[in-house]
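I opened this one to see how the chain folds up and what sits inside. My notes follow in the order I looked things up.

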Amino acid sequence: MSVPLQKRARAFLERAVPAGLDYVPNSLAERWIKTYAKRGRISVEPATLELMELVIAESQERAGGEPLPEVADYFRESTALLEAIHTEASQE
């Protein structure tokens, strides 16, 4: 568990969702970030990690193609959090 990463996840969840984002409540990305923010870890099942890789790739694509700067920033931070959580979970 990384205390700074857990704090960063909590801070991300407290951010307002930017206007213009086609927000999906309780998405996989949001659930993983919420779980990490609460518990300081996520499940490390191989299937979960593989699914997380797909979500990370999709999030990176959305950030790169997003014309609204605040939405792109939101996706970049979400992606960075998921990558860090994935890296940590992969090492357990």
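**Notebook: a walk through the model**

E58 lies in helix 3. I also checked its separation from P25, which is 33 residues away along the chain: the two C-alpha atoms are 16 Å apart.

**Confidence**

This is a predicted model, so I looked at pLDDT before going further. The mean for the protein is 93, and 100% of the residues reach 70 or more. Confidence is highest in helix 2, at 96, and lowest in helix 3, at a mean of 93.

**Overall fold**

I counted four helices and zero strands. Along the sequence the pattern reads α-α-α-α. The radius of gyration is 13 Å, close to the 12 Å that the globule rule gives for 92 residues, so the protein is as compact as a globular protein of that length. Taken along the principal axes, the C-alpha atoms fill a box of roughly 35 × 25 × 20 Å.

I then asked what share of the 92 residues is buried. The figure came out at 38%. For contacts, I took pairs at least 6 apart in sequence, and 72% of these join residues at least 24 apart.

**Helix 1**

Helix 1 has twelve residues and reaches 17 Å from its first C-alpha to its last, close to the expected 16 Å. Which of its residues are buried? I got L5, Q6, A9 and F12. Seen down the axis, they fall within an arc of 120 degrees, so they line one face of helix 1.

The buried residues of helix 1 pack against helix 2 and helix 4. On the face turned away from that buried side I noted the exposed residues P4, K7 and E14.

**Helix 2**

Helix 2 runs over residues 28-39 and spans 16 Å between its end C-alpha atoms, close to the 16 Å expected at 1.5 Å a residue. Its buried residues are A29, E30, W32, I33, Y36 and A37. Why do I put them on the same side of helix 2? Because they cover an arc of only 165 degrees around the axis.

I looked for what covers them, and the list includes helix 1 (3-14), helix 3 (46-65) and helix 4 (69-90). Exposed K38 and R39 are on the face turned away from the buried side of helix 2. Just after helix 2, I found G40 with a positive phi of about 80 degrees.

**H86**

My last stop was H86, which has its place in helix 4. Is H86 buried or exposed? It is buried, because its relative accessible area is 12%, and buried means under 20%.

Next I listed its neighbours. Leaving out residues up to four places away in sequence, H86 touches L49, M52, E53 and I56. I looked at L49 again for polar atoms: its backbone oxygen lies 3.4 Å from a polar atom of the H86 side chain.

**To keep**

Definitions and conventions: Residues are numbered from 1 along each chain as its sequence is written. Side-chain values use heavy atoms; hydrogens and water are left out. Helices (H or I, at least four residues) and strands (E, at least two) are DSSP runs, numbered from the N terminus. The expected span of a helix is 1.5 Å times one less than its number of residues. Buried means under 20% relative accessible area, exposed over 50%, partly exposed in between (1.4 Å probe, protein chains only). The arc is that of the directions from the helix axis to the C-beta atoms. Contact means heavy atoms within 4.5 Å. pLDDT is the predictor's confidence in each residue, from 0 to 100. A polar contact is a pair of N or O atoms within 3.5 Å; within protein, one must be able to donate a hydrogen and the other to accept it, and residues adjacent in sequence count only if both atoms are side-chain atoms. The radius of gyration is taken over C-alpha atoms; the globule rule is 2.2 Å times the number of residues to the power 0.38.
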